[in-house]
Amino acid sequence: MNNFTLLKEDTFENSLGEILQLNPKTEKHTILLVDDEVNNLQLLRRTLHHDYNILTASNGKEALEIVEGKGNEIALIVSDQKMPEMEGTEFLKRTSEYYPDIVKILLTGHLDVDAIVDSINDCHLYQYIVKPFDPEELKLTIETGIKKFDLVNNKTVILKDLRELFYKTIKLIASALDAKDPYTHGHSLRVTMYSLILAKKLNLDDTTLEEIETAGLLHDIGKIGIPQRILCKPGKLTDEEYEVMKSHPAQAEKMLMGIKKLTVVSNWLRAHHERWDGQGYPYGLKGEEIPISGRIIALADTYDAMTSTRSYRKALSHETAIDEIQRCSGTQFDPVLTNLFISCSEELRAAKEDPNTYYPKYSYLQKMINETR
Ligand SMILES: [Fe+2]
């Protein structure tokens with residue numbers, strides 16, 4: 001049996017625990033204060049140090065170095081405008097390039113409308129305050145700025161959590177489904193991995209890659225309704241049993257049809273047993289009538305079925321499986337996709353040997369989660 005251990009690691013309890021994990025953030029926020037006048041810097045610090053962690057810098061360059069090292073920790077910056085070496089607006093503008101979500105407040109000694117308007121646009125300025133400032137007014141402005149930071153930050157966190165929840169949930173469903181039969185352990189995840197290897201060669205857009213990964217993971221979800229005695233039967237299925245088994249692509253489509261985000265995916269799921277020559281099921285679609293995801297998953301599904309041990313036969317070698325796929329090009333499989341699939345032969349072999357290492361490398365959904373800051 002293949003050594004795909006995702007199900008073992010993703011036990012229901014662990015996975016649900018991870019899915020439901022909450023990360024409350026209760027620490028003080030960090031504020032960077034920048035001013036070349038020592039008295040001003042001290043007044044700012046006195047005003048704010050009870051409620052916030054304070055970092056200070058006496059000029060723009062020094063402040064930029066702090067941002068480079070600790071940008072991820074900083075929620076808000078209060079910067080003076082007129083400073084030697086680098087003006088406040090220049091410093092805030094540079095900070096915006098890397099940390100657009102840090103809330104920025106400019107202190108200015110001059111009521112220069114043009115400079116203020118320019119800085120609002122260039123630095124994504126949240127607020128400006130004319131010196132001398134009223135400490136209570138400054139505190140209030142900072143409080144509302146911090147609320148804005150939390151709002152933006154929480155939105156990002158929620159988006160990341162939702163993506164993660166979706167991804168882990170469908171992975172869990174796929175693992176649970178494969179666990180119904182010891183001989184299909186890890187099947188859905190490997191089929192998805194092989195599908196993504198092929199999909200990447202086609203330079204498909206991000207949305208299509210996401211849908212192919214989802215479709216791969218859920219491609220056999222319709223088997224949930226197939227009785228265990230048919231699913232795990234060691235011998236040949238009777239005609240009647242085969243008819244029941246053949247209903248799983250249409251069942252999958254029905255199951256997911258009501259979920260808006262999965263409308264395209266549900267249309268694709270029904271197509272993974274269609275054949276290029278029109279002899280497949282359930283609808284007997286032919287050639288390019290079969291959605292591309294269905295044609296991709298058909299190749300990946302067959303490769304995995306052949307290279308895995310089943311109740312009725314031992315696993316075939318990678319070479320034998322590739323030869324068989326080549327033989328069925330133009331009848332069972334799309335000939336163009338078959339050539340491309342075979343051109344990935346070495347990647348497929350490596351991924352088959354070590355799916356736990358290779359799946360995350362090809363996973364589009366995992367990449368999206370990693371990239372959501
Ligand atoms: Fe299937």
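I looked up G235 and found its place in the loop between helix 10 (228-231) and helix 11 (239-245), where helices are DSSP runs of H or I with at least four residues, numbered from the N terminus. I work on a predicted model, in which local features need pLDDT of at least 70, side-chain atom pairs count only at pLDDT 80 or more, and totals for chains, interfaces and linings use all residues. Residues are numbered from 1 along each chain as its sequence is written.

Next I turned to helix 16 (residues 335-343), in which L337, T338 and F341 are buried. They lie on the same side of helix 16, because they cover an arc of only 105 degrees around the axis (the arc of the directions from the helix axis to the C-beta atoms). On the other side of helix 16, I found V336, N339 and S343 exposed.

Last, I looked up what the buried residues of helix 16 pack against, and found helix 8 (187-201), helix 14 (292-307) and helix 15 (318-327). In helix 14, R295, I296 and L299 meet L337, T338 and F341 of helix 16, contact being C-beta atoms, placed from the backbone, within 7 Å.

Note on methods
A residue is buried if 20 or more other C-beta atoms lie within 10 Å of its own, exposed if 12 or fewer, and partly exposed in between; C-beta atoms are placed from the backbone. Helices (H or I, at least four residues) and strands (E, at least two) are DSSP runs, numbered from the N terminus. Two residues are in contact if their C-beta atoms, placed from the backbone, lie within 7 Å.
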